[in-house]
Amino acid sequence: MQLTNRSKLVVNKELSWSEKLYLPAIFSGMMITIKHLFRKKATIQYPEQKREFSKVYRGKHILKRDEQGRENCTACGLCAVSCPAEAITMVSAERKKGEEHLYREEKYASSYEINMLRCIFCGLCEEACPKDAIYLTEELMPANYDRSNFIYGKDKLVQPLGTSAHPKTYKPYKK
Amino acid sequence: MEILLIDKVFLIVIVFAVSLVIALYSTLAERKVSAFLQDRLGPNRAGIFGLLQPVADGVKFFFKEDIIPNHADKALYILGPSISMITALMTSAVIPWGSYIEFDGRQIALQVADINIGILYVFAVVSIGVYGIMIGGWGSNNKFSLLGALRASSQMISYEIAMGLSIIAVVMMTGSMSLGEIVRQQHGFNWNIFYQPIGFLIFCICAFAECNRTPFDLPECEAELVGGYHTEYSSMKLGLYLFSEYINIFISSAIMSAMFFGGYNFPFMDLISSPNLLAALGLIAFFAKILFFIFFFMWVRWTIPRFRYDQLMTLGWKYLIPLALANIVVTGTVMLISSSFK
């Protein structure tokens, strides 16, 4: 069965005298490499230049706030249910009087944790969320020395106050 | 022409410094060339274009722990890299860097020692150079080092013959073994490469083998022998081995340029009357040739893979030596015929 057209028949023939000197083959090889000397380099010089992400890249999560800076999440738990890696846990709490400027609805997540070592960045939490609360941004997951630091709580997930990114966008928020 | 000791000391110091600097920056050039041939950029973080990279590497070598293995023969273990480095630096003594400069009414030749057996001296010293590898490989008391050393010595013996034979044809044409005389006879554009292309080819291939460069880098082939003869070496001893390789490349390039590409000679050099300007331009021409050959060494290294051991021996004994012998016969015949027509 032939899968590609690139297969070559191997012939074990004796090399001719000039082929045994290897020089013509070496010369043609050197012509190939010298062409590469002038070719455009593939390197992206990382800290200064960055590769552009695909439009549907799924990176670190963000818990969104609305236009008035209130958290969208109501701790309904649909993201945790939809998560195939079971990475999301949360504790819900009731909004007290005077906290209306913090949380959009009466119920909110007092604690919201994603275990980034379990997360497979599939984006199902984002699809499940009925409140536009959780999104996957273009931000890369930073490395860490300690496994316990990979459990991201609300301190790392909630969109910082004063940043204004449209909630329905994949772009990371800009500070 | 009187010779003052101070001139020679001055020249020796300069040649020493220049060979070291060129070897130092060859390590950077090697990485840059390899990167560019592979569509990468190479080191560019330490200084502009990575120009401080060799300095950083050198400092790193000095600060690394210098380990002498317990089972190694200590004296030989230290002697190995020393011999490699000393012989690599010794060869530059007979290379004519330029014609001469006029200073204070004296003519100062730009050659440390114009001995009448210059090319023989180069051969002798280069042959001692393999002892550095052999002794280092033996003294390490490690099977990989020993295998690397064995390969180095057998390769050296095989290719030294063809190299010597290829030189004989040039010596026959020139009638002198002095490198200074060989270069002087290539005045202007009368370069030996036009008379001895086959000789150059053989010499060039053998020079690759003598420098242990790809495709002849079997003594240190990482894939089979871990590191070859320098497996057990660390810190500056390893640095000396690696460094001597680059000095050897520099010296080989210089000898190739001097023997076959006219050394400091360049076309239309008779139009310049001032000897100092001529010497300066000649030096530039010589170094341009040398740098090209250093690039050539790297270009070849990053193009072709290494030979299998039997291929190496077959090429040396069955192809290069007969070719070199035939070259001598043809050169002699042509010389005889052309002299009888004069």
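Two residues are taken to be in contact if their C-beta atoms, placed from the backbone, lie within 7 Å. The structure described here is a predicted model, in which local features need pLDDT of at least 70 and side-chain atom pairs count only at pLDDT 80 or more, while totals for chains, interfaces and linings use all residues. Residues are numbered from 1 along each chain as its sequence is written, and chains are lettered from A and ligands numbered from 1 in the order in which they are written.

In chain A, 73% of the contacts with a separation of 6 or more are between residues 24 or more positions apart. The radius of gyration of chain A, taken over C-alpha atoms, is 27 Å, whereas a compact globule of 175 residues would have a value near 16 Å, according to the rule of 2.2 Å times the number of residues to the power 0.38. Along the principal axes, the C-alpha atoms of chain A fill a box of roughly 95 × 40 × 30 Å. Of the 175 residues in chain A, 17% are buried, a residue being called buried if 20 or more other C-beta atoms, placed from the backbone, lie within 10 Å of its own.

Helices (DSSP runs of H or I, at least four residues) and strands (runs of E, at least two) are numbered from the N terminus. Chain A has five helices and five strands, which follow one another from the N terminus in the order α-α-β-α-β-β-α-β-β-α. Three strands of chain A form an open, antiparallel sheet in the order β2-β3-β5, where two strands pair if DSSP finds at least two bridges between them. The edge strands, each of which pairs on one side only, are β2 (88–94) and β5 (151–152) of chain A. Strand β3 (residues 107–115) of chain A pairs with β5(A) over two bridges in the antiparallel sense, and Ile114(A) stands opposite Tyr152(A) in β5(A).

The contact between the chains takes 13 residues from chain A and twelve residues from chain B. On the side of chain B that touches chain A, the elements that give two or more residues are α1 (5–37) and α10 (275–301) of chain B.

Helix α9(B) is mostly covered, with 22 of its 26 residues buried, and is followed by Gly262(B), whose phi is positive, near 80 degrees.

Key. A residue is buried if 20 or more other C-beta atoms lie within 10 Å of its own, exposed if 12 or fewer, and partly exposed in between; C-beta atoms are placed from the backbone.
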